[in-house]
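Here is a short briefing on the structure shown below.

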Amino acid sequence: MYATIAELVSAAETADLSLSELMIQQEVANSGNSRDEVWAGMERNLEAMAAAVKRGSTGEGAFSKTGLTGGEAIKLKNYRATHQSLSGDTMLAAVQNAIATNEVNAAMGIVCATPTAGASGTLPGVLFMLEERLNLTHEQMIRFLFTSGALGMIIANNAMIAGATGGCQAEVGSASGMAAAAAVEIAGGTPEQSAEALAMALSNLLGLVCDPIAGLVELPCVKRNAIGATNALISADMALAGLTNKIPADEVVGAMKKIGEDMPQTLRETGRGGLAATPTGIKMKMRIFGQDRDFE
Amino acid sequence: MVLNYKSVFDIIGPVMIGPSSSHTAGAVAIGHAARKIFHAPATTLTVRYYESFAETHRGHGTDYALVAGVLGLPPADPQVPNALTLAQQQGLTVKFIEMAGPSPIGHPNTAIVTLSNEQRTIEVAGCSIGGGTIEIRRITVDGFELKPSGPLPILLVWGAKDNDQRIQTKLAKMTKIMRQQSYNTAAKHLVEFDLERSLQQHEVDSLQQGAAELVYL
């Protein structure tokens, strides 16, 4: 197991292997499963991700039971078809994929947690847009997920990936960093550039709180995945252009952990602070649950 | 660094029914752990929620997720959201209690699950640490109070004392034993092993031989 991102990058450089290849080899060694089994496991995850994007982007889209979220991926799809967008169609494709996935999640549909369900739109947002833009092969798409996983494991073991312990920076922030690193590898960048992309993506989202309306993974979670996906793409481009974060990736992960620990409980997935505590947020909670909860 | 996340599939995955990996998929996993330890049909299930779980379980489907786990459903089973109805049909009475104050096992996503029937009661204190991964930090079973270090996998073996060495030797060939603790009463002997990596089914089967009862979490 690689304890740090620096260790992972240096192992990749020494062995002249990609981050995805190191992850596959480590998984085979640690799980006792064959390479084919490990590969097939990731193929099943990719299928689930593709199915969620499709479901959220087809017909009317996906709607949650509460009525708080749904159908907005379709709005974006229609807008893209009829308008010259401000941020560019590629960017909006990523936004659409991300929102589609998280609308399916909010509708209690099937998603692949990457690394969490609340952040499940960020990786597919990036991946399925790049599939079209770069004509990715099936193998490249699987490798994207292994690279993301390699970096996600280091973040999860050194810091946290749950909103309840670290806020949304730990969920969408981590996912964004993972996706940025994987996007760099897929575009032909070096392992070092992957680490820089992660460092920049995560730095950009440090401090992001987890303040879900009524405690539901809907508002603002769905749209935060759009930001996670586009931030990943921008950070990957910056790294490929040779920009660096100056603060090393492992230290950014350390900062994220410390910020998470310092974050008040109201802003860590309790639904009691931030947007959840706005007058409209409270009104929505009352409408859905009728009353506030009682403690025993 | 605590190695809670041991596999790439802990991060990319699980494939699951939304909306929350820690409050839904993780809750299924805690329920599943309690089911395995109880090892028999239960008639009552009581869940005590703390902190984030207490505040948000209703919105996240944590209730049906926990019950789904106790009933043995996997996290992506389309029946997961119907688990409360299934429980009723199977004669399982469920109760959820929101507790004030901090989690007794020190994590904001804490559920303490009590399962019982006429013969037996067990209690499992689990926390959901993110991405569907859980820790089990306390188990009360057969009069023993176990305090595992938390991360899975955990192997519990009931049986004769002289079996311990045999299991330990076998296990050590498979993976590293991170912690080993034995518990005794006049009538029962139980050993807990906290392991470094997941075991495959055939490995669990081979350990099962000669053990009176074995639970692999």
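This is a predicted model: local features need pLDDT of at least 70, side-chain atom pairs count only at pLDDT 80 or more; totals for chains, interfaces and linings use all residues.

B:Pro19 sits in the loop between S1 and helix H2 (21-38) of chain B.

**Backbone geometry**
- A cis peptide bond also joins B:Leu152 to B:Pro153, with omega about 0 degrees.
- B:Pro153 belongs to the loop between strand S7 (144-146) and strand S8 (154-158) of chain B.
- In chain A, A:Met108 has a positive phi, near 60 degrees, and is not a glycine.
- A:Met108 is placed in the loop between H5 and S1 of chain A.
- Such features stand out because most residues other than glycine have a negative phi, and most peptide bonds are trans.

**Contact between the chains**
- The contact draws on 58 residues from chain A and 44 residues from chain B.
- Together the two chains bury about 4100 Å², and 60% of that lies on carbon and sulfur atoms.
- Between chain A and chain B, 18 residue pairs are in polar contact, both residues at pLDDT 80 or more.
- On chain A, the elements that each supply at least two residues to the side touching chain B are helix H2 (19-31), helix H3 (35-57), helix H5 (89-106), strand S1 (110-112), helix H7 (138-158) and helix H8 (163-166).
- H7(A) gives the most to that side, with 10 residues.
- By type, the residues on the side of chain A that touches chain B are 28 nonpolar, 22 polar and eight charged.

**Strand pairing across the chains**
- S1(A) and strand S1 (residues 15-17) of chain B run antiparallel and are joined by three bridges.
- A:Cys112 has B:Val15 in S1(B) as its bridge partner.

**Salt bridges**
- The whole structure holds 17 salt bridges over all chains.
- The count between chain A and chain B is one.
- A:Arg272 and B:Glu55 form a salt bridge, with their closest N and O atoms 2.8 Å apart.
- Within chain A, A:Arg143 and A:Glu139 meet in a salt bridge at 3.0 Å, N to O.
- A:Arg143 and A:Glu139 are four residues apart in helix H7 of chain A, so about one helical turn separates them.

**Confidence in chain B**
- Chain B averages a pLDDT of 93, and 99% of its residues score at least 70.
- Confidence in chain B is lowest in helix H3 (residues 51-60), at a mean of 89.
- In chain B, confidence is highest in strand S2 (residues 44-50), at 98.

Definitions and conventions:
Residues are numbered from 1 along each chain as its sequence is written. Chains are lettered from A and ligands numbered from 1 in the order in which they are written. Side-chain values use heavy atoms; hydrogens and water are left out. pLDDT is the predictor's confidence in each residue, from 0 to 100. Contact means heavy atoms within 4.5 Å. Buried area is the accessible area (1.4 Å probe) that two parts lose on being put together, summed over both. A salt bridge is a side-chain nitrogen of Lys or Arg within 4 Å of a carboxyl oxygen of Asp or Glu. A polar contact is a pair of N or O atoms within 3.5 Å; within protein, one must be able to donate a hydrogen and the other to accept it, and residues adjacent in sequence count only if both atoms are side-chain atoms. Ala, Val, Leu, Ile, Met, Phe, Trp, Tyr, Cys and Pro count as nonpolar, Asp, Glu, Lys and Arg as charged, and the others, Gly among them, as polar. Two strands pair if DSSP finds at least two bridges between them.
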